[in-house]
Amino acid sequence: MRALADNVYSVGVIDWDLKLFDRLIPLPDGTSYNSYVVKGSDKTALIDSVEPEHVDELIAHLVAAGIDKIDYLVALHGEQDHSGALPDMLVLYPDARVVTNPKCKSMLIDLLDLEDEQIITVEDREVLSLGDKTLEFVYTPWVHWPETMSVYLKEDRILFSCDLFGSHIATSDLFVSDKCQAYEPAKRYYAEIMMPYRKPVLNNIKKISDLDIAIIAPSHGPAYDDPKFIIDAYAEWAGGEVKNEVVIPYVSMHGSTKEMADYLADALIERGVTVKIFELAEVDIGKLAIALVDAATIVIGSPTVIVGPHPHAANAAFLTNLLRPKAKFASIIGSYGWGSKMVDQLCSMISGLKLDLIEPVVVKGAAKNEDFDALDVLADRIVEKHKEIGIFE
Ligand code: FEO
């Protein structure tokens, strides 16, 4: 039994083997579904449950912790990796009531077929006494669903933040023990899950700033006993500042686009720009997402396939548009054999980002001297743009 504080136990599940989250996101380091018991002098609450396929492990942990009665099943989020075991919990603890906000209540009824009378709703900043422990509910919406909520355990100064501040990492450490190691999984999680919601992230950081927090306990990955570390990281990632970095996601069928991507990367490096280049046929999209957190410019490289972009390039453009990074500039490089609408199609796929498009370089066949000159001009234009916004060191 692992304790965050006196009578506050971690009873969730470490998923060492999961390789793909939502059938989309690669998980090189697994994940965890965190669930916490808060045992007050009068009542006991379980904060979040686990992915339903792991319910037996949750039950085993509850038994090991000697939890024979639960009064409140707190649901901070409707998504099934945290709510999915609630029906089993209600069978095991039939007198318990689910405690959540009205939006999440509606989701739990839709997703899990819970009954109206099984659920109690709480308002923002409402408190629930467990006797010698007090839960304060703090609405933290849109990180990353509309109903997401946190709960603050006043006596122990623990903020249970659900997905906010989470990491996809399977670790036996209850708390972050090595901040260098913790940083990348946390940034990967932010990039994949939270980046589209940068404004709500910043609003919620502001909202929790009046709480005296000793521990942040998210619903994935280890807890933080130095909350400033992860709050400051989130504030930087979600803040408006971009870095003097260019991300080049590219795919190449016969080498022309690869040659151009490599040439542009070298030209940018020579000019003092940081470059992160990703070959899209075998990319870990989590690594690409991490690079998109800070970059000022995105240059997509693609050959033409049946007049449009290569499907891997289209996928990267679509994903980038979904993740809504704070990049300011974009361009496109690539090649075609006899005709191409690739630039127009890629531009429309990233149109949601409202990027300033720098003149693309698209060549017929393999790049020639004048095409490499055009790539040098593109590198110069990117440097000029970075200078204009004051990020070129
Ligand atoms: Fe970890 Fe949005 O669920």
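Is the crossing of H5 and H7 left-handed or right-handed? The crossing of these two helices is right-handed. Keep that in mind as we walk through the structure, which is a predicted model.

## The whole protein

Let's begin with the overall picture. The protein has 393 residues, and 56% of them count as buried. Its secondary structure includes twelve helices and 23 strands. If you follow the C-alpha trace along its principal axes, it spans about 80 × 40 × 35 Å.

Now look at how the chain meets itself. Take the contacts between residues at least 6 apart in sequence: 73% of these join residues at least 24 apart.

## Helix H5 against helix H7

Back to the pair from the opening question. Helix H5 covers residues 179–194, and its axis comes within 11 Å of the axis of H7, with a crossing of roughly 45°. That angle makes H5 oblique to H7.

Which residues of H5 meet H7? On the H5 side they are Lys179, Tyr183, Ala186, Lys187, Tyr189, Tyr190 and Met194. On the H7 side you will find Phe229, Ile230, Ala233, Tyr234, Trp237 and Ala238. Sorted by class, this contact has eleven nonpolar, no polar and two charged residues.

## Helix H6 against helix H7

Helix H7, residues 227–238, also packs with helix H6, residues 198–208. Here the angle is about 145° and the axes lie 9 Å apart. The crossing of H6 and H7 is left-handed.

From H6, the residues Arg198, Val201, Leu202, Ile205 and Ile208 take part. Their partners in H7 are Ile231, Tyr234, Ala235, Trp237 and Ala238. By class, the contact between H6 and H7 has nine nonpolar, no polar and one charged residues.

## A closer look at tyrosine 234

Is tyrosine 234 buried or exposed? Its relative accessible area is 0%, so tyrosine 234 is buried.

Leaving aside neighbours within four places in sequence, tyrosine 234 touches Leu164, Phe165, Gly166, Tyr189, Tyr190, Met194, Val201, Ile205 and Gly239. Aspartate 284 is 50 residues from tyrosine 234 in sequence, and their C-alpha atoms are 22 Å apart.

Move on to the loop between H7 and strand E17 (243–250), where glycine 240 lies. With a relative accessible area of 51%, glycine 240 is exposed. Not counting residues up to four places away in sequence, glycine 240 touches Arg198, Lys326 and Lys328.

Glycine 240 and lysine 326 are 86 residues apart along the chain, yet their C-alpha atoms are separated by 6.8 Å.

## Serine 83 in helix H2

Serine 83 belongs to helix H2, which runs over residues 80–83. A relative accessible area of 1% means that serine 83 is buried. Beyond residues up to four places away in sequence, serine 83 touches Ser49, His77, Gly78, Leu108 and Leu112.

## Cysteines and disulfides

A disulfide is a covalent bond between the sulfur atoms of two cysteines. How many disulfides are there in this model? The count comes to zero, using a cut-off of 2.5 Å between cysteine sulfur atoms.

Cysteine 180 counts as exposed, at 70% relative accessibility, whereas cysteine 347 is partly exposed, with a relative accessible area of 24%.

How values were computed:
Residues numbered from 1 in each chain as written. Predicted model: local features only at pLDDT ≥ 70, side-chain atom pairs only at ≥ 80, totals over all residues. Heavy atoms only, no water. Axes fitted to C-alpha atoms, helices over the stretch in contact; angles between N-to-C directions. Helix = DSSP H or I, 4+ residues; strand = E, 2+ residues; numbered from the N terminus. Left-handed = near helix turned anticlockwise from the far one by under 90°. Contact = heavy atoms within 4.5 Å. Nonpolar A, V, L, I, M, F, W, Y, C, P; charged D, E, K, R; others polar. Buried < 20%, exposed > 50% of the residue type's maximum accessible area, 1.4 Å probe, protein only. Parallel < 35°, antiparallel > 145°, perpendicular 65-115°, else oblique.
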